[in-house]
Amino acid sequence: MPEVHGSGTHSYKFKRQRIGEYPAAIAESSPEKKPVSTVSSSITLDDIQRDKLTEMASTNWSRTTTTDKMKPYNPDLVKEIYESELSVKQGHNKIVSLQRVSILEVSRYLEYYLCPNFDPDSASFEHVMSMILMINEKFRENVAAWVCFSDNKDLFKAFLERVLRLKEQARTLRIAEKTNYLRFMINLFQSLEDDIVSQKVLMKLASLQVWSCLSYGRFQVVSLLKFQLAGICL
């Protein structure tokens, strides 16, 4: 039994109690645990079928709808979906609802509506950010993310250029938008084994342009080392 001596004349003995020696009153006075909710946070097929986003998809981009009943492309609809389902208002400490993004992914929102109607010159901020979110969702679900660009490499190049220019716009990105933007760039650079990504990203972001970011002294050291390794005498 350890003793503790203080500055006074008394010494104090502390006894380590065993679990069985704790009085029952302590256990009774402990705060009650809140019952764990049994409601599942996962989304079911019935939830998807009854959701308003599924109804929007059926009349605007679903391939199960006949052409004569399909509504023409409406850029305002993209803005509406982004503002109501895919964005987080300033000051709210939450992220974009994954359930809402999942429903849009099930409806092939990216493949059937966003990509076919993407115009690099006129596409809105909401259109570009919506594509970023849907591509991030594909990575989260571990499915092929760049398939919609495989038949149109020029579209991917134009989309990437718009993504890189997002921060040049007058609109200030919200915290959630900055997070999604950064996550997209991480997914992009982790996809360099994909031909369409490597050809566009390496040429655009990892080409000779990066040499301009080096200081003059560092450039001289790197270039001298490269020429020496190549057997070229300066």
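Colleague: Which residues in α7 do Leu98, Val101, Ser102, Leu104 and Glu105 in α5 meet?
Modeller: This is a predicted model, where local features need pLDDT of at least 70, side-chain atom pairs count only at pLDDT 80 or more, and totals for chains, interfaces and linings use all residues. Residues are numbered from 1 along each chain as its sequence is written, and side-chain values use heavy atoms, with hydrogens and water left out. Contact means heavy atoms within 4.5 Å. The α7 partners are Leu133, Met134, Glu137, Lys138 and Arg140.

Colleague: At what angle do α5 and α7 pack?
Modeller: Helices are DSSP runs (H or I, at least four residues), numbered from the N terminus. Axes are lines fitted to C-alpha atoms over the stretch in contact, and angles run from 0 to 180 degrees between N-to-C directions. The axes of α5 (residues 98-106) and α7 (residues 125-140) lie 10 Å apart, and the packing angle is about 95 degrees.

Colleague: How many of the 16 residues of α7 are buried?
Modeller: Buried means under 20% relative accessible area, with a 1.4 Å probe and protein chains only. Helix α7 is mostly covered. The buried count is 14.

Colleague: Why is the pair of Phe118 and Phe159 edge-to-face?
Modeller: Rings of Phe, Tyr and Trp (its six-membered ring) pair if their centres lie within 6.5 Å, and planes over 60 degrees apart count as edge-to-face. The centres of Phe118 and Phe159 are 5.9 Å apart. The pair is edge-to-face because the planes stand at 85 degrees.

Definitions and conventions:
Helices (H or I, at least four residues) and strands (E, at least two) are DSSP runs, numbered from the N terminus. Buried means under 20% relative accessible area, exposed over 50%, partly exposed in between (1.4 Å probe, protein chains only). Rings of Phe, Tyr and Trp (its six-membered ring) pair if their centres lie within 6.5 Å; planes under 30 degrees apart count as stacked, over 60 as edge-to-face and the rest as tilted.
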